[in-house]
Each structure stands twice: as structure tokens, then as C-alpha cells.
Amino acid sequence: MTEDTAFQARQLIRAARSATLATQADGQPFAALVTPATAPDLSVLLWLSTLSEHTRQLGREGRCALLFTGEAETANPQTAPRVTLTGVAERIEDAALKARWLARHPYAALYADFSDFALWRVRPGAALLVGGFARATRLRAEALAPGHEAVAAAEAGILAHVNQDHADAVRAIAAALGGADGPWRLSAVDPEGCDLLLGEAVLRLPFAAPARSPDAVRAALVRAAREARLSRGGAGR
């Protein structure tokens, strides 16, 4: 296993807007579509209804698995990169992590305060990355979130500074990612990339390499803004 492999796995997990959750009851496996977000340490956050079968099963047995799938390289679905993450789920109450989940899924504000919903966190145990057809690598828990602490501690300050002083750069990056023109803002940042938000639209900017310090995040954002502006200038010629 190389750091590049682990980085690819973390990128897939961070970028996923949906995933397949596998639970079980009395030995019978069960699969469900879920909408994940990630905590700074790569724990997977889920906003689940107590009325759902998979939520009831997690309440009895927290051990579970999640499948995150990227885009296939060819018409063959087996060429899609994918990560199977195993871990243990627990129900939690954490306003900051709930806000983080909602920033990833802003449309869910309509039911965010329903009494039958709650926040769950899946702490990673191990993972299997399949980088494409017949390319599999096993990853231990320590490879899934190394060096996130410095960025997590600085995240609030990074968001405030960028959104207040560099709104034009965020707008340019969003345009380069295919977003509609508008007052985009940075809504989350982690060592693998950052999220941009406009209304209910969310875009993901992946970093080219792990950014494990505020300075590294700044350098990645400056690079992305510069490339976005150059691309826009080239498109106008």
C-alpha cells in the first residue's frame, strides 16, 4: 500500500454524495441507499430516520459496511474505483457534525429537525479499495485519516477568511468545476479537498495531494483559483 493509494480511497469517501450501507439482522444482510458526509477524521456521518429498517438494525448491531463508488473508466462498471469501508455505527448528538452533514446535503433542511431523524457516525475500521478492474488494496484504519488535526483546528478560520476576503476566487473555482454563476462560498475543508455551496448545489474541489496544514490548504486554493482564472481567460479568446 502506498500513500497515493490511501489518498485515492480518502478522496472517494470524501467526495461521495451517496453510498450503499450494509447492515444485518439475525445473520440476514440488508443493503440501503444512504447520503453520507465526513467528519474531519473521516468518520462517516449519516442522517437516518428511526423508521428505516437499516436504522433499526444498526440500533441492534452497530457493525456495518459502506460502499462508495466513483465513475467508471469505460462502459464496464467493473472499471469504476470503489471503496468498501467497514466500521461501527453509533447514534450521536453533535450540533457541529449535524451542521457539517447539512452543508453537504442542504436540501435536507426540510426534514433536518424531524423528531424521527438522528445523526449517526460510523468510525472506520478498515477498507478495501478497488481502483478498477482487478486492482484491489486493503487499508488499515490508520491509513484512512492521517494528519487531519491541523486542518480541522483551522477550518473555521479558513472558511471565514476565504469567504470574506476571497469570494471572487471561490466564484471562479466554482465556475471551473461546472457550477452556475453566483455567490458560492466555501462550506467545508479537509486534507483531501473542500466543498463549495450555493443554495442547494454543492461542488467538490479535490486537492492534487494531501493538505495537512493550513498553509498547504491555502496553497491548494491559490493554485485552484489561478487555474480557474486562466481557464476562463482562455475560454474567452
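Analyst: In this predicted model, α5, β11 (201-206) and α6 each contribute at least two residues to the lining of the second largest pocket. Of these contributions, that of α6 has the largest share, six residues. The volume of the second largest pocket is about 240 Å³.

User: How do you know which residues lie nearest the centre of the second largest pocket, and how many residues line it?

Analyst: A residue belongs to a lining if it has an atom within 4 Å of a point of the pocket. By that criterion 16 residues line the second largest pocket, and Pro-206, Ala-208, Ala-220, Arg-223 and Ala-224 lie nearest its centre.

User: What makes up the lining of the second largest pocket by class?

Analyst: Its lining holds 14 nonpolar and two charged residues, with no polar residue. Ala and Pro count as nonpolar and Arg as charged.

User: What is the volume of the largest pocket, and which residues are closest to its centre?

Analyst: The largest pocket has a volume of about 350 Å³. It is lined by 16 residues, and Val-162, His-166, Arg-218, Leu-221 and Val-222 are the closest to its centre. At least two lining residues come from each of α4 (149-165), α5 (167-176) and α6 (214-235), and α6 gives the most, with eight. By class, eleven of the lining residues are nonpolar, two are polar and three are charged.

User: Turning to the aromatic rings, how many aromatic pairs are there, and why is the pair of Trp-47 and Trp-101 called tilted?

Analyst: The whole structure contains four aromatic pairs. The ring centres of Trp-47 and Trp-101 are 6.3 Å apart, and the cut-off for a pair is 6.5 Å. Their planes stand at 35°; stacked requires under 30 degrees and edge-to-face over 60, so the pair is tilted. Trp-47 belongs to strand β4 (residues 44-49) and Trp-101 to helix α3 (residues 95-104), 54 residues apart, and the pair thus links distant parts of the chain.

User: What makes Tyr-111 and Phe-117 an aromatic pair, and why is Tyr-111 called partly exposed?

Analyst: Tyr-111 and Phe-117 are 5.0 Å apart centre to centre, with 35° between the planes, and form a tilted pair. The relative accessible area of Tyr-111 is 25%, which falls between the limits of 20% and 50%, so Tyr-111 is partly exposed.

User: Which residues form one aromatic cluster?

Analyst: Trp-47, Trp-101, Tyr-111, Phe-114 and Phe-117 together form one aromatic cluster.

Key. Residues numbered from 1 in each chain as written. Predicted model: local features only at pLDDT ≥ 70, side-chain atom pairs only at ≥ 80, totals over all residues. Heavy atoms only, no water. 1 Å grid on protein atoms, 1.4 Å probe; cavity = no way out; pocket = protein on both sides within 12 Å on 5 of 7 lines; lining within 4 Å. Points joined across faces, edges and corners; volume = space filled by probe spheres on them. Helix = DSSP H or I, 4+ residues; strand = E, 2+ residues; numbered from the N terminus. Phe/Tyr/Trp six-rings, centres within 6.5 Å; stacked < 30°, edge-to-face > 60°. Buried < 20%, exposed > 50% of the residue type's maximum accessible area, 1.4 Å probe, protein only.
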